[in-house]
Amino acid sequence: MTERLQVGSGPESIRVLKAALVRGLLPDTYVSAGALVHMEAVSGGLPAAADEDSPLPVAASTINPAGLAGLLAEHAYVYRIKTRKDAAGNPEPYEEETTPSREILSSVLAGKTWPGVAPLRGIIGAPVLRRDGTLLQTPGYDKATGFYLASKVALPPVPDEPTPEQVAEARRFLLGRFLRDFPWASAADRANYVALLATPILRHFTRSLTPFALIDATMPSSGKTILTAGPGMLYGQRVMPWAYADEELRKSITAVLAEQVGVVIWDNLAEGTVIDSAVLAQLVTAGVWSDRQLGASRNIATVNDRLWMATGNNLQVGGDMASRTVRVHLDPNMPRPELRDQSGFGIPHLDQWITAPANQLTVLWHLLVLVLDWTRQSAPKAAGLSMRQFTPWAQALGGFLHHHGIDGFLTNAADVRDIDEDETRWRAFLTTWHDRHGDKPLTAADLRRDAEPMHLGSDEHDPWDGQFITTTAGRLPNPLQLGRMLTGQAGRWRGEHVIRAGRHERGNRAVFWVERHQG
């Protein structure tokens, strides 16, 4: 039955409408960051390819005056009392349906306090594990978590205690069919991927930050995009071009955090791209992302609850990203991977198969069975694992994988350091420096002069054989730049070598030398 709301003067109308909203006049309406939002189905959605955006089927729209007018017209009978003359000329009251003015609607929505309105923490595209270990799997709003489950696929109920037969079948399907034919470079790459696939389900349960995911290969057409489509199709994905400038990267991150997707993918980076971004390093180690709202002067703060991934061929990492990255590496070891005979594959043409909702349901259901079998055993952790800010994530996912006999998790961490372009450059520089000068203290100017080419007859010879450190532009630094670079690296071990800094015995100049670990 449509609720009747009688309005009158401006103040009276504001009070009546505000009270009606607080007591739940509008269905599927919640409060988020002090603003009322309304859940609504998104029309016009079409099946997406593996490398395309795959949004969730609903969106939480902030209610503005125009939106509130439409919702009131749909869910209430808003009227005011007017008078008119009857046949005898006497005043006669009557009801007139009305739409309150924009000023009144704006005043109703202006406040940030909405007692009694349920808070919305986020929209999720697949079930997640609550902090008490139970599975949120009923579509719609969940009071315990504040999440709204808008499933991308209609999932049949997953039993709280899967049978041994169901667990065995889930392992056979995920490992023996779905992931069987990818050209994993090592067991670590497969284990890391299974961990990433389960991460959105477990993130709320583990209360942990999630590292950056790098999925790369030695050759095109190795299956990278299919791997990102696994979590992307299940949890909602946004595919974006890589921004090579930090400011553009920051803008794209802020924009995508306003969208309701669980996975963000920078797809198909240029071959050999070095991922070395202070903005990205900040993102993956921050539970909340703060930035200036695009097109406005105010700052916004958004919970960072996404899985961030990048794909490409022979990618490298630099700066602080090596310790913040989980790598999944594919190596088909053949010239044309796309020509492989798929007749014997567990799932032929997987790139097309994964786009069908029924198949996405199959993957998700079996993955949830494995998760609930792990939690039934009190969710044992891998206590020996450590990964800086991501240790809670590593220990929880490591325990999950070990429970299901999936070995190799994070054992390719040294491989990530090997593709750390920044680490490689500094390691080579310090090694060559120590070979040439031992632990002799040098000023930055002295060291820079040592890098000047030597002229042997008509030939020019580089005494450092190309190993002297360069600026980000690839040029040799001047003494002032070099001094700043060395000061920033003092005390940081690069392989077996470390830079030490001190003061020159004469004057106030800084000197630097390299020590080698004696072990």
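Leaving aside its neighbours within four places in sequence, which residues is Phe147 in contact with? The legends below describe close-up views of a predicted model, and the first of them takes up this question.

Figure 1. Phe147 is found in β11, the strand of residues 147–149. Apart from neighbours within four places in sequence, Phe147 is in contact with Arg121, Gly122, Ile124, Val128, Leu136, Gly140, Tyr141, Asp142 and His204. One of these residues is Leu136; Leu136 and Phe147 are 11 residues apart in sequence, and their C-alpha atoms are 8.9 Å apart in space. Phe147 has a relative accessibility of 7% and therefore counts as buried, since buried means under 20%.

**Figure 2. The open sheet of β7, β11 and β10.** Three strands form this open sheet, in the order β7-β11-β10, and their pairing is mixed. β7 (122–124) and β10 (140–141) stand at the edges with a single partner strand each, so one side of each has no neighbour in the sheet. Two bridges pair β10 with β11 in the antiparallel sense. Gly140 has Leu149 in β11 as its bridge partner.

**Figure 3. The hairpin of β5 and β6.** Strand β5 (residues 76–85) pairs with β6 in the antiparallel sense, over seven bridges. Tyr79 stands opposite Glu97 in β6. Five residues lie between the two strands of the hairpin, and Gly89 takes a positive phi near 85 degrees.

Figure 4. Thr98 is placed in the loop between β6 (91–97) and α3 (102–109). Is Thr98 buried or exposed? Its relative accessibility is 19%, so Thr98 counts as buried; the cut-off for buried is under 20%. Leaving aside neighbours within four places in sequence, the contacts of Thr98 are Val7, Val78, Tyr79 and Arg80.

Figure 5. Asp216 stands opposite His329 in β20.

**Figure 6. The buried residues of helix α7.** Which residues of helix α7 (residues 246–256) are buried? They are Leu249, Arg250, Ser252, Ile253, Thr254 and Val256. An α-helix has 3.6 residues a turn, so residues three or four places apart point the same way. The cover over the buried residues of α7 includes strands β13 (237–240), β14 (263–269), β16 (288–292), β17 (299–303) and β18 (307–313), along with helix α8 (278–284).

**Figure 7. The largest cavity and its lining.** A search of the whole structure finds one cavity of 30 Å³ or more. The volume of the largest cavity is about 40 Å³. Which residues line the largest cavity? The lining is made up of Leu174, Leu175, Leu179, Val194, Leu197, Leu367, Leu370 and Ile406. Helices α4 (164–178), α5 (187–206) and α10 (357–376) each supply at least two residues of this lining. By class, the lining has eight nonpolar residues, no polar residues and no charged residues.

Figure 8. Most residues other than glycine have a negative phi. Leu410 is not a glycine, yet its phi is positive, near 65 degrees. Leu410 lies in the loop between α11 (391–403) and α12 (413–418). With a relative accessible area of 17%, Leu410 is buried. Asp465 is not a glycine and has a positive phi of about 50 degrees. The loop that holds Asp465 lies between β22 (459–461) and α15 (479–489). Asp465 is exposed, with a relative accessible area of 63%, whereas Leu410 is buried.

Note on methods: Residues are numbered from 1 along each chain as its sequence is written. This is a predicted model: local features need pLDDT of at least 70, side-chain atom pairs count only at pLDDT 80 or more; totals for chains, interfaces and linings use all residues. Side-chain values use heavy atoms; hydrogens and water are left out. Helices (H or I, at least four residues) and strands (E, at least two) are DSSP runs, numbered from the N terminus. Buried means under 20% relative accessible area, exposed over 50%, partly exposed in between (1.4 Å probe, protein chains only). Contact means heavy atoms within 4.5 Å. Two strands pair if DSSP finds at least two bridges between them. On a 1 Å grid over the protein atoms alone, a cavity is a set of points where a 1.4 Å probe fits but cannot get out, and a pocket is an open set with protein on both sides within 12 Å along at least five of seven lines; lining residues have an atom within 4 Å of a point. Grid points are joined across faces, edges and corners, and a volume is the space filled by probe spheres set on the points. Ala, Val, Leu, Ile, Met, Phe, Trp, Tyr, Cys and Pro count as nonpolar, Asp, Glu, Lys and Arg as charged, and the others, Gly among them, as polar.
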